Each structure stands twice: as structure tokens, then as C-alpha cells.
Amino acid sequence: MTSSTTSDLYFLPFDPASLTFGVSFPLTSCHSNNCRCTVFPVDIDPKNITDQESLTRLGLLHPSEWRVFGLEGFLGFLFILNPWRKGSQRYWVTRCLRDYPCKPNVTNLDKLQHGVDNVWKEGYSEYRLQQGKKTQPKTLLHKLRWTTLGYHYDWDKKQYHQERYTEFPPDLSQLSTHVAQSLGFPHYKPESAIVNYYGLDSQLGGHVDHQELDYSKPIISFSFGQTAIFLLGGKTKSVKPTAMFLQNGDIMVMSGDTRLAYHGVPKILKPPIVGLLPEGLCEDERREGLHDSMLPSAMEETWEQSALFMEECRINITVRQVVAEGKGFGKRSCDDESQTEPKRTKEAQGS
């Protein structure tokens, strides 16, 4: 991966206060002269909802309460506005910070610093001491940029390997499966995920997720923490991307025509007040109707530490099915597309 250039549409010098082309859900259309996209509501078929108890246990509202939208011109793109029960997002943030980056899972730190079995345990004390001191060297947690789960993507060879696999987290598998089923993807099988950790100065360049072996299955994206600007384009970089805000708790699905669309994250927005947590992660929020499994005592006791980190962080989990159903590993469900790779700034690469 290489550094970005100013000519790259996916590394635009964004001024969020004067966003020139963008979508704000749930508005019915873009609010600028440069975009003619129409936002439309999407109804969920009640027949797709099969296990309400599991949805509650995972922290989700009943799908009948979800606010789901599509975007005209982007067939297969779905946007769900924060469908979480109050307080439940803490569980997933905690998993992303304290559990998923542990061995045997793979992180970007494996190449930077060997022997890190538990990133949070080994890195938080140093992070706490240097928090807010911009002149200090980057800590272990500052350097954490990604964790891979299930089939571990090979960033050097740009592919998945059958032997590079560890157990996919059961809770994340259940979450992704239930979201997929509710949206009309009954045979979705979560097999790989990339957890990205964005600092306030991080970016992710325009790219297409084409390395999986089955393009008929969607990519499901879960966002937590500070707000990001997300760009969604077309099959080539010549298509001017449409910008939208991805806020804490939002879920996004890329399927159909948008499964192989260019997309990127040019900017993470700083909170309007230093130290302000997004709605859904605030300490004093009530936890209405949550299953006991979403509130382990250890998580509650240590949330103050996680909250401090999330004041200047965005976490994104992208879940995908790797293997084409019935075809086995190494065989695609469709013809391969042109090869495209994401570009990250040095900050996003953790170097």
C-alpha cells in the first residue's frame, strides 16, 4: 500500500462544515446542487425475522423498529440508522478493544512489535499516561490499526489462505447472521472480519473489496465511536463518489451492484467538545431491556478506560463471507474483477 496523492478523489481535503455533495439519512434527498441522489425507506419483510430473543441478546432493537434506507443509483446498498438498544454498543466496543486483538487473531502490530498477546492489557497503561500529549511517541494502542478474524487476510499477497484461519467469534457471527437474515440474505455465512481502528487523523483510500470468493454475499459494516465521512462510488474511480456521514451505531450493507463499488473514508470528525462521547456510548445512558449477557460485570467495571480511548477513536467492523457456497476454497462464484487495492495514509497503516 502506498501513500495517498491529492489527485485521488478518495482523499479529498474535506471541510465537513461545507460538504459539497452528501447524503444525510433519513432525509429524502441529497442537499446540494452537485448530487441528485434520492434516499428511500426500505421495508423489512416480517418473514425474515425468526429469532427475537437472539436479537435482544445481541443488543439489537426488533427489526420492525429499524430505520433502513436505500440510495437511488446504488442498487444493493442499505443503510441502517443506529438499530441498537441503549447501552448495548459498549459490549461490542469492549470486544473490539479487549478481546478481538488478542492472539491467535492477527493485528498490524505483529510486524511492528513481536510478542504482543493482549494489546489492550499491555498497552493501556502507557496510553493513559500519554493521553492528550501530542508531542509524546505513539503508544501501542495508538499504533493499533487493524485486527483480522476468521480467515486472516494476507496484506502482502492480497488474498486469503485456507490455512490462515482461526475461529470466528461466535457472538459476531450471530450478530452478522441475524442482520443479514433480517435484510433478506438467509444463507449468509460470516467467515472473515477486519476490525479497523481510526484515530482522528486517519484515512482509508478508495478501494474495492474483491478478494473474497463469493461476490453474491454482502459485506456488512458496523460503526462505533466518532463520526466518519464515508465515500461511495462506482465500478471505477472515474465515478465521482457520494459522501455520507457514518455515525456511532450505524450499520451499512454493500451488496448487488455496490458489492464491488469503490469506497473509502477520507476523514474522521473531531467531536464538537473535547472528550465528548457519541450518543450510545455515554456513561449515564440507561440500559433498557438488555439481556444479562450484554452487561458482564468486568466490562462495566472497566468501561471508563474504554470510554477514554473512544473519545478520539472510531471502530469499524466489516464482516464478509469468503468461500463461495458449494464451490470450496479457491473457486470463485463469478468472474474476477479488475484488481484494486486500498491506499492508506501512513497514520492509517500504523507506521
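Select Gly-280 to begin: Gly-280 is buried, at 7% relative accessible area (buried means under 20%, exposed over 50%, partly exposed in between, with a 1.4 Å probe and protein chains only as cover). You'll find Gly-280 in the loop that links strand 13 (263-268) and helix 7 (297-310).

A quick word on what you're viewing. This is a predicted model, where local features need pLDDT of at least 70 and side-chain atom pairs count only at pLDDT 80 or more, while totals for chains, interfaces and linings use all residues. Residues are numbered from 1 along each chain as its sequence is written, and side-chain values use heavy atoms, leaving out hydrogens and water.

Next, switch to cartoon view. The protein chain has 8 helices and 14 strands (DSSP runs numbered from the N terminus: helices are H or I with at least four residues, strands E with at least two). Which strands make up the open sheet, and in what order? There are 9 of them, running 2-3-4-12-9-14-7-6-5 with antiparallel pairing (two strands pair if DSSP finds at least two bridges between them). Strand 2 (39-41) and strand 5 (106-107) are the edges; each has a single partner strand, so one side of each has no neighbour in the sheet.

Zoom in on strand 9 (residues 219-225) and strand 14 (residues 313-320), an antiparallel pair with 6 bridges. Pick Phe-222 and look across to strand 14: its bridge partner there is Ile-317.

Now show the helices. Helix 6 (residues 170-182) packs on the sheet and touches several strands, including strand 4 (77-81) and strand 12 (251-254); its direction makes about 115 degrees with that of strand 9. Contact here means heavy atoms within 4.5 Å. Helix 2 (residues 89-99) lies across strand 7 (192-199), strand 9 and strand 14, at about 85 degrees to strand 14. Those angles run from 0 to 180 degrees between N-to-C directions, using lines fitted to C-alpha atoms, for helices over the stretch in contact.

Last stop: colour by pLDDT, the predictor's confidence in each residue from 0 to 100. The chain's mean is 80, and 75% of its residues reach 70 or more. Among the elements, strand 9 has the highest mean (97) and helix 8 (residues 346-349) the lowest (39). Select residues 1-7 too: their pLDDT is below 50.
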